[in-house]
Amino acid sequence: MENVTMLEMRGIDKTFPGVRALQNVDFTLRSGEIHALMGENGAGKSTLIKVLTGVYTKDAGVINLDGQYNVKIHSPQDAQKLGISTVYQEITLCPNLTVAENMYIGRGKGAVTHWRKMNADADKILKKLDIPARATQQLGTCSIAVQQMVAIARAVDMDCKVLILDEPTSSLDEQEVEKLFGLMRDLKALGVGIIFVTHFLDQVYEVCDRITVLRDGQLVGEYEIKDLPRVQLVAKMLGKEMDDLSDIKGEHALYSGEDAETKVLEAEKLSSNAGIKPFDFYIKKGEVNGFTGLLGSGRSECVRAIFGADRVITGKVRRNGKPVRIRGPKDAMKLGIAYLPEDRKNDGIVGDLSVKENIILALQVMKGFFKPFTKAQASAFADEYIKKLNIKTASADTPIKSLSGGNQQKVILARWLLMHPEYLILDEPTRGIDVGTKVDIQKLVLELASDGMSITFISSETDEMLRTCSRLVVMRDRKVVGELSGEDLTQSKIMSTIAGGE
Amino acid sequence: MNKTKLKGGFFNRVSDTNLLMTITIVIFLMMYIGAIVFQGSGFKKPQMFFNILNANAALIITAVGMSIVMITGGIDISVGGVVALVSMCCAVYLDKANGNIFVSILIAIGIGLAFGIVQGFLVAYVDIQPFIVSLAGMFFARGMTTIVNTAPFNVQNKSFVKLKSTRITVPKMGSYNKKGLYIPAYVEIGVLVALAIVVILFLVLRYTKLGRAFYAVGGNKQSALMLGVNVKRTKFLSHVICGLMAGIGGYVYFLHVGSGAASHASGMEMNAIASSIIGGTMLSGGVGNIAGTLFGVLSLSTIQNIVSSAGLDQAWWTGITIAAMLCIFLLIQSIVIRQRKRALKR
Amino acid sequence: MNMSLLKKITRNQMFIPVMALLLLAVVNLVVDPGFFKVTLGTNNAGNPVLSGYLITILDYGSELAILALGMTLVTAASGGQDISVGATIAIAGSAMLRILCGSNSHPDALQAPIIVAFLVACLVGMLCGAFNGALVSVFKIQPMIATLILFTAGRSIAAWINNNELPIVPDPKFAYFGSFIPGIPIPTTVFIVLICVIIMALVLKFTNLGLYTQAVGINEKSSRLNGINPTFIKFLAFVILGLCVAVAALIKVSRLSTINYSVIAKDIEMDAILAVALGGNSLSGGKFNIWASVLGAYVIQFLTTTLYKFNVQSDALAAYKAVVVILLVFFSAPKVRESLSGLGKKIAVMKARKGESK
């Protein structure tokens, strides 16, 4: 296939109050290629995409599309009309409409909706893509993964010239990702230019032809995939040679206190209203273990049950051997258990409150309603942890929502560390975070454990788990199906346990 | 391929909108049949039902407009004020200036549209909360009504009085009085207007892109924007339609009462909101149906009639029963939606 | 830098209410230089009283200021407003009268001590608040709609409590709360507001009510995972507002020594919500500044008094208020502010360019 230039962005500038999000960025997309857009958080990927889709208006620069010089894109509708369609990481569909409506709203001419034709068309596409949903079903009644697939189906159906996939895979399981990749290759064969944004390096090397790397709002360069090995890609994203990611476990001594065999927490036949099958679990002092399994296998639900975030239905819990009852998060916190939730935006940060208030929140709740910290105490706590975790913020009084994702995560981490928990649960602490911060967090986990904190670590990236955990609980279909430790902790062993079938 | 099984059952398959509306219609029918069985005489005559329509045609129209704004995720509490202002302006124009009917209708529509356009602009394009905007709108309309004319008065304009007393006979629905005389059943002009509007707006919401856009914006503003819906224009138009309905509703109200007074239609905005909710519209937006709203108004006024014909004539009972009914419907909504969410989680 | 200081001031939450207050003051001063004159005279009973427009504003703004305290908390915690406060004032007031007068609507002497009646009113107010709070927090009904129930039924319930009669309190002492205590020339209501404000300040200082309320208002889910009970915090906010309602009811009923069910505290919910909005608090919840709301309440009363002074009919008052409100909200809308400051910058740039070309 002849690769002609489909989209050219030249000299794009975008400034937000206080931040130069994009500086003189160029980007070229050819027809029939899959082009990865890579960069750390805050590198400007999202901004560049939002400029292209008309969500933001660029300050300077030119966009040429398919031979048209300097096209004007002022709104998502403009972008759609020009043949640019987008699938975002977060579901951008309307839960109250039907699946078919979500696929066709905002498109086409005429003022009237032809329900029958629309439903038939939608069903055809759903069938073709093997999406388990009906056209007439209300979208809100589909699972998140299916909703994401519907969003992709919509984008695919739009005869687009340019398809943007902004981290579409984060809520999909492996099969669904494969299905998506198949789809991408089909579209590529049809001459569509695809921009693919993801944090998963594996996926980049599996489907992409070219990579454009951004850093700090500036273009680092455009590369053919075969010319850029992984290590170099990471180095380009970080702007420095990476320290050796492969073995950080060795740098940290395991906890070796006398009480190293104490079971800090032990659960028996625990289950919650989130629908996990009863499971047994324990963690020893100074141990790092983890839950692994495909997305939706019940990893998060397990730790949520331990923390009392979902309503516990059955089971017994023992803390240091003593039976306890955990009815809600506060009970768990009183027992020295901390939980960093998976969904940072909705479950973690309190957006409009300052970094300081976000840091002290949990400890404050523990201390009690009638005993607020003084201003000096609160500031001292905040300053201590901003320094300790190297949180990049203008001041302790800056609202947390104006920080980058990685720094927000560090603030939440600080919140729980301030509580000095004996048992810390980290659910996907590194999702959507730049590589640098990822390594920081992994190192911190090992450091804390060697000081005697027990930690449960959950991550979608298996190699990350292998680097940090000494024992893995494997889950499938909301059930614990195995436990791996020592020699068994290898990528292939994990995969085969997850896949099952002995 | 592990195909996720579609969760079956009517309860999960039907959309939120249809579910809530179905509940309303069932409860209304039960209530009305109950009234016929237990209250006897009055409710047996079809005219009782037509009287409910006659008295509430204006409320139906304003409530329908309100539903559209609520489906889009907004609210407009100025409608009662607009109805009062329209009545007063038309009354003054017809009576004191001896104007003609046609122009008075234009005045009503003009006032309604003006409120809709200004409020819609402030909500959609300046991004001010609809509650505050329409609160100011309500204050303004009520105040202006007093400024136009303080004292209430009846309109004597001949052609208006003729129009007002026009009755449209409904065939075969009449009944015989004690002397055996046949009394034909009738509805007022306003009822026809109201029903026409219900049908038109029902079709608009169901079959036009604009109608679906109202739902999309109410369901999730951000998503709607990303899906290529012009969110600002959609919000703007929802308020314009609501304003227009308040204008038309105002004229129908005026046609029913035949007078202008500053105290007209007091609390009507709350009745309109209550009717919408009882009819299955959710204030959080995205869920609702015009037909449901019609039944909402009917339920609300039926219960009022039941209360007063049950001999609980003291004024406070009406307020308390409406409130109780609203409370029950809100609880039903809350529980139903929660159950569905839970069912989905499983 | 001058610019940044200016920015700091205009960004401050107190900026809008203070500016509005200043604007109103200046307008009044220009029209009538004697507007701010406060005189010491005697009332009908021969007691010394202060009078003047300022005193009127302070006096009649009291109910609103007290309601603004509770309304701010409700707004912050639930992201919605309580529109039933007028109606619940009627209920609490009616309950108070029922206790004071017993079953006889025109007794010769008080049937119960005032303090008992007030405590009962507090209980009734808190019960109403608890009802609203339960609907909002437990059943997750939007606040405006949940409170629509009591808004619709409240005045009817109030009438029902006293069998639709209008009891008249025989003891002149009861009237002190809404007017003057003999010998003290400052309106009693000013002291009542002061007490409420001090209590609220102490509560905010010595408990985490503020932090919890804001956290719940901003992100309910994450508050819960941090051990806060959002259901209870929302419920609590409504109960506190119920208490404020009872205090406001005391003042309202005391002013008349009787009650008019359909007119008492009419439209006060709208004014209370406006006070919160004028104070620069987001009506969709989250961060709040309670003192800005109180200031907002007095701004509204200032406006009302000013309009009365210009001989605006009480019924027509609403129209003028509406215009003022729209202007205020319009110019404080972030969008308008942005484009205005953008315009300012453009002008500055143009000026600079002109300077260059010269």
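Contact here means heavy atoms within 4.5 Å. By that criterion, the contact between the two chains considered first takes 33 residues from chain B and 37 residues from chain A. This is a predicted model, in which local features need pLDDT of at least 70 and side-chain atom pairs count only at pLDDT 80 or more, while totals for chains, interfaces and linings use all residues. Residues are numbered from 1 along each chain as its sequence is written, chains are lettered from A and ligands numbered from 1 in the order in which they are written, and side-chain values use heavy atoms, with hydrogens and water left out.

The size of an interface is often given as the accessible area lost when the parts come together. Between chain B and chain A the buried area (the accessible area, with a 1.4 Å probe, that two parts lose on being put together, summed over both) is about 3,000 Å². Carbon and sulfur atoms give 55% of this area.

The count of salt bridges (a side-chain nitrogen of Lys or Arg within 4 Å of a carboxyl oxygen of Asp or Glu) between chain B and chain A is 1. Arg212(B) forms a salt bridge with Glu101(A), and their closest N and O atoms are 2.5 Å apart. On the side of chain B that touches chain A, the elements giving two or more residues are helix 1 (10–13), helix 9 (189–207), helix 10 (209–219), helix 11 (221–226) and helix 15 (315–345) of chain B; helices are DSSP runs of H or I with at least four residues, strands are runs of E with at least two, and both are numbered from the N terminus. Helix 10 of chain B gives the most to this side, with 6 residues.

Chain A itself contains 17 helices and 19 strands. Its radius of gyration, taken over C-alpha atoms, is 24 Å, close to the 23 Å that the globule rule gives for 502 residues, so chain A is as compact as a globular protein of that length; the rule is 2.2 Å times the number of residues to the power 0.38. The C-alpha trace of chain A spans about 70 × 50 × 45 Å along its principal axes. Buried residues (under 20% relative accessible area, with a 1.4 Å probe and protein chains only; exposed is over 50% and partly exposed in between) make up 57% of the 502 residues in chain A.

In chain C, Thr305(C) lies in helix 13 (residues 290–309). Thr305(C) is buried, with a relative accessible area of 6%.
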